[in-house]
Each structure stands twice: as structure tokens, then as C-alpha cells.
Amino acid sequence: MSTKVDLSFLNGIPHMMSDDELKFLFELLKKNFSGKGIIVDLGCRFGASTLVICKALQHVKTKQKICACDTFHWDEECETQLKNHPDKEYFKNNGYLALFKENLSNFIEDIELIVDIRNSNIQTPVEILIVDVMKSEETAQLVIEKYYKALIPGKSFVYQQDFDHFLTPWVQVISYLYRNYFYVYKDIKNSGGIWFFYKKLIPDELLHIEFHTLPESEIDKAFRWALKISNKKKHKGIAAAHVMSYIYRKDKNKAFDLWCQYLYQGYELSGEFVDLQRRLEELK
Ligand SMILES: C[S@@+](CC[C@H](N)C(=O)[O-])C[C@H]1O[C@@H](n2cnc3c(N)ncnc32)[C@H](O)[C@@H]1O
């Protein structure tokens, strides 16, 4: 579906999405976007995905509001991503919002900028939601309360970019808890992400999740489900997220048991599993 899209317009903007992810986003907008709701890019960073959205809308000659949200704060990874940028020192001291604006300069009037999801107050239906900000339970909850609430049943698509990330287990848990309200639209192979289609309204009373009080049985079911619905390349990260969910709860015994079980099942002691080992050793 996505091989023909030419991404040369990105012109070196650093990004963490794979080409497959960006091309799929372009094609999805080209083929499925109805304009019934806005497009929201949560965790837009330097604007690569936002630019793909703008270019896709331009391609299909459609106008719709785009919300782009980030803290725009310099972090460790900026050190690598912007290492050769001539204005690196400026971004280090002032954040990279100016860089986002420069990258999106041809489309900036169509974009509503939100500096930090904690400051967002969405009032409009959302048709396309890209989520790369569920970095804590707090931001995960904000995405649900503010943005899942605005989705349009039978119309909206949600991209969970961190579906295989081991440090954000609430992504898999939320996707499981809402499994009856979505179906898997596309698991993007060379990436950590999965697109979901929103098929029916999530009742308001389910839009608040107390992650730390969820029963163990629900957590374990969530990860079994996440492994079942995703492609194999995502499994190591998802298995590691399962262990991580108990490390966050400071349940060392359960986390250690799971870590051993996954290694016994054949997951390699490398990458995330070495990181987990260190975290387990540090856990009191
Ligand atoms: C992994 S990076 C995003 C990468 C980008 N989606 C890409 O693929 O190139 C995650 C982003 O989330 C942003 N972020 C973290 N906490 C946030 C918050 N509370 N509100 C908005 N953005 C946040 C970070 O600044 C960072 O740019």
C-alpha cells in the first residue's frame, strides 16, 4: 500500500518513525480521511509526521485543522538528532519550537500548536490521532480523557506509536481495556506501532483508568492479548513491557518470575531484557 510515497520533502528533518510508518500515514490520509474531525499529532517533535499530514492533505486538496503537540523541550536524544544542526545551542537553551515552525513554515497557519499535553483543551471531534506521548501514567490518562473522548465512532483512527515499547506498559494495557471499541486496522511491520480503527463509543465512565490498582489478572491478560494481535517483531518489546509493568509496581518477585519465564520461552538476554535485569537488581 505504502511503497510509492516519496518522502523527499522531509529534507533531512530528524524523526523516529520509520519510512513505512510515514508512508502509511500519508496513504491513510489520502484514502480514508473524510474531514469530519481534526488531525492530532501528539509528540510531534521536529514536525516530520506533521509535515507528512500537511502534504497528504495538500495532495487530496483538503483543508482541516491539525493540532501538533509537544513539550518542545531539549532532551538527551536531541543531542544525537540535532548534533550537526548549526543552531543546536539555541535549541538547547530555548527548546526546539522554532525548529518545528521552520520545518512547517508553509503550513503553519493550518496548525494549532499545543505546548505540553497538560495544556490542551480539545473541543472538536478528532478523526486521526497519532499518539507518541504516553510516556507516563499521567500523560496516558490525559490522552484518554482529552482525545479518546473526542474520537468519532465509525470514523476515527488512532496510531499507538509505542505499542512495542517496554517502558510504556500502559499503551498495551489501554489498548486491551478498549479492545471492544476498536479493531486493529494495521500493524506496521518495520515499526513499533499499530493503527486502530474506532468502531464504537467508549462510555464516559470508562475514560478514567487507575493503572496502579488494576488487578494482576487484567495486566496479564492485556499482555497475552497484545502478543496475540501483533506481529512477531514487536513481541520482545511487548514481553519486556509486561515485566516492566510489575517493576513500576515494585513487585520484584512477579517481575523476576516473568522475566525468567520469557527468557525460558526463548527471548534473548539482550536489549530490553538486559535493561530489565539491571532494573530488577536495583529494585529493593
Ligand atoms: C519519542 S519522541 C517523539 C518522536 C516523534 N513522534 C517521531 O516519531 O519523530 C516523544 C515526544 O513526546 C514529547 N512529550 C513528552 N512528554 C510530553 C508532554 N507532556 N506533552 C507533549 N509532548 C510530550 C517529547 O518532547 C518527544 O518529542
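Helices α2 and α5 (97-103) each contribute at least two residues to the lining of the second largest pocket, and α5 gives the most, with 3 residues. Helices here are DSSP runs of H or I with at least four residues, and strands are runs of E with at least two, numbered from the N terminus. The model is predicted: local features need pLDDT of at least 70, side-chain atom pairs count only at pLDDT 80 or more, and totals for chains, interfaces and linings use all residues. Residues are numbered from 1 along each chain as its sequence is written, and side-chain values use heavy atoms, without hydrogens and water.

A pocket is an open set of points on a 1 Å grid over the protein atoms alone, where a 1.4 Å probe fits, with protein on both sides within 12 Å along at least five of seven lines; lining residues have an atom within 4 Å of a point. Among the 20 residues lining the second largest pocket, Leu10, Asn11, Ile13, Glu102 and Asn103 lie nearest its centre.

Ile117 instead places a backbone N or O atom 2.9 Å from a ligand nitrogen atom.

Note on methods: A polar contact is a pair of N or O atoms within 3.5 Å; within protein, one must be able to donate a hydrogen and the other to accept it, and residues adjacent in sequence count only if both atoms are side-chain atoms.
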